[in-house]
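The sequence and the model are shown first, and a description follows.

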Amino acid sequence: GFNFSHIRPHGDKVRNVPGAASGPVDFLAAYSAALSKILQGSKRQGANIGILNADHPDIEDFIRLKDEDGTIKNFNISVGVTDEFMAAVMGDKMWNLINPRTREVVRPIKAGRLFRTIAEHACATGDPGLMFLTTTNKDNPTPSIGLIQATNPCGEIPLLPYESCNLTSICLQNHLKSPENSEHSERQMVRQSDGQTVRKSGSLSFQSVLKRIDWSDLEKSIRLGVRFLDDMIEVNTYALPEIEQMVKNGNRRIGLGVMGFSHMLVKLGIKYNSDQAVELSEKLAKFIRTTAEDESSKLAAERGSFPNWDRSIYFDPPKAGAFRRAGKQPMRNCATTMIAPTGTISMLADTTSGIEPIFSLVTKRRTFFEDDKRNKPTKELYMVDRMFEEELQKWSKMVGMVEMVNERKKLLIKKSSHLNNLDNLTIIEHIAQYGLSAVQGLPDWFYKVFVTTHQIAPEWHVKIQAAWQKYFDNSISKTINFPYNATPDDVEKAYMLAWKLGCKGITIYRDGSKKDQVLNLAKQDSSQPSSLRPGSGMADICPECGAAVIAENGCVTCHSCGWSKCSV
């Protein structure tokens, strides 16, 4: 993670030589070129995040950095924004761009216009995201050591210089009591009059949902995870003495997180985009954070507090904050909880990643499967969501024999006296082509709980992220997904909601905005338009204001701001 905000702007003087400074954008490009040569396992390029604060004079060039698809591929970029900036956006006020060398105002711009530019380019390309600097530093456990200005590449760990991220994740779906051992089951078995046994969707109270969670088993995993991570700090080999000093002999920051949240919701019969899912998120986050801190305190009694403890909020706690206890609290680690993307380890665990919803019931994944000199993905694999496949098999066994009638894009499943077994593969192949809604005849609870990423409105993505962030002391890696037809207005609303709800950062992604998506829907909509790229010369979006343009009489014209370009 790099924050380039201290670099003097492009064209600034160097040792009294005017126009000599390259600026942060050129530095980021140089870093990207160098780091692209560092490969992990001969395949995976270095992962990095570049941050530039909203008051830097080169911020507009930074925002446009990734307009051309395929450039700076191994850098995510985010704009660092403060509460002061967000208030200026809401109040439609001017915002000063300041030279970091002289601290003088270079020029004022409209905060709302800058915010709109960020949203336009994020909608078009997926970058930049936002890092909410004020919110992040409110949770800085060692503020006397320095301000937090950057995160690790995926955003789940805000770090001081030379800190590293030591992470592990608990698989939530494995911490549920079986229905037979709990007072209630999310789906009751009932015998219909015709003798068929089917599953019926049960309406559970929230207290019944909480009883399905094996809190005792979850507590054991949390305590084991904290000890595991603290041990990891002891046995790690550190590349630089500065890293060892900050990590092992300084803050001892760890990050215990979760994966399999969506599969837990499925087992509990809860819709991802629901108030119940948000409430459950808060309950889980509070329990995990409280238990993790308690275990870190116990480790401090055994092994001693982290060396920077006497310079931390635990030694001299601030007056406000849900987890800021009165008096001195021993702690082995300066921070304990986060949520990582878990893109790879969730595959190993055969579960959903982080706190993300199920991306798709049938997913096409591009992956490194064999040697390729161009260092590009060489295979496309189709993967069926494990939980969906299991539930489909269970339902098939209970229903027994049915008849499937394929009418154009609709697959109708109905009871039949014919002696043909239900063909799950046919159902899965049909879903891969047309989605679950194109299959009729499954129980209602299938359509309720197996909601996928692009069926969920962006505000629900933000609400789930904010619910976990409410109690976790590090940060949350979460993608706020948008459909391909989303607009900059939609992105602006998500950014503003994330800030208001207390998120520390936000990353959005409009489907189809990059050519090389890792995850794709198995069947893409053929009506999907080309990606909209402000400033790239494409004729379907205005490079000045981001509005749609109209092509007529050899010219493309924006009726919103008046921009026009003609060819002879």
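Which residue in S8 is the bridge partner of glycine 80? The partner of glycine 80 is methionine 131. The model described here is predicted.

**The open sheet**

The pairing of glycine 80 with methionine 131 belongs to the contact between S5 and S8, two parallel strands joined by four bridges. Strand S5 is also joined to S4, again in parallel, by six bridges. Within S5, phenylalanine 75 has asparagine 48 opposite it. Because six of its seven residues are buried, S5 is largely enclosed by the rest of the structure.

These strands are part of an open sheet of six, arranged in the order S1-S4-S5-S8-S21-S20 with mixed pairing. Its edges are formed by strand S1 (2-3) and strand S20 (479-482), each of which pairs on one side only. The neighbour of S20 is strand S21 (residues 505-510); the two run parallel and are joined by four bridges. Here asparagine 481 stands opposite tyrosine 509 of S21.

**Helices**

Helix H1 (residues 24-35) packs on the sheet, where it touches S1, strand S4 (48-53) and strand S5 (75-81). The direction of H1 makes about 150 degrees with that of S5. Helix H4 (residues 111-125) lies across S5, strand S8 (129-132) and S21, and runs at about 45 degrees to S21.

Helix H10 (residues 275-303) comprises 29 residues. From its first C-alpha to its last, H10 reaches 42 Å, close to the 42 Å expected at 1.5 Å a residue. Just after H10 comes glycine 304, which takes a positive phi of about 100 degrees.

**Aspartate 473**

Is aspartate 473 buried or exposed? Its relative accessible area is 5%, under the 20% cut-off, so aspartate 473 counts as buried. The residue is placed in the loop between helix H15 (458-469) and S20. Its side chain reaches the backbone nitrogen of threonine 336 at 2.9 Å. Leaving aside residues up to four places away in sequence, aspartate 473 touches Asp139, Arg289, Glu293, Tyr314, Ala335, Thr336, Thr337 and Lys504.

**Aromatic pairs**

A search of the whole structure finds 17 aromatic pairs. Two of them are set out below.

| Pair | Centre to centre | Angle between planes | Arrangement |
|---|---|---|---|
| Phenylalanine 261 and tryptophan 468 | 5.5 Å | 90 degrees | edge-to-face |
| Phenylalanine 306 and tyrosine 314 | 6.3 Å | 85 degrees | edge-to-face |

Phenylalanine 261 lies in helix H9 (residues 261-268) and tryptophan 468 in helix H15, so their pair ties together parts that are 207 residues apart in sequence. Phenylalanine 261 counts as buried, at 0% relative accessibility, and tryptophan 468 is likewise buried at 0%.

In the other pair of the table, phenylalanine 306 is buried, with a relative accessible area of 1%. Tyrosine 314 has a relative accessible area of 4% and is buried as well. Tyrosine 314 is also one of the residues that aspartate 473 touches.

Which residues form one aromatic cluster? The members of this cluster are Phe388, Trp395, Trp445, Phe446 and Phe450.

Methods:
Residues numbered from 1 in each chain as written. Predicted model: local features only at pLDDT ≥ 70, side-chain atom pairs only at ≥ 80, totals over all residues. Heavy atoms only, no water. Pairing = 2+ DSSP bridges. Contact = heavy atoms within 4.5 Å. Axes fitted to C-alpha atoms, helices over the stretch in contact; angles between N-to-C directions. Expected span 1.5 Å × (residues − 1). Buried < 20%, exposed > 50% of the residue type's maximum accessible area, 1.4 Å probe, protein only. Polar contact = N/O pair within 3.5 Å; in protein donor to acceptor, adjacent residues only side chain to side chain. Phe/Tyr/Trp six-rings, centres within 6.5 Å; stacked < 30°, edge-to-face > 60°.
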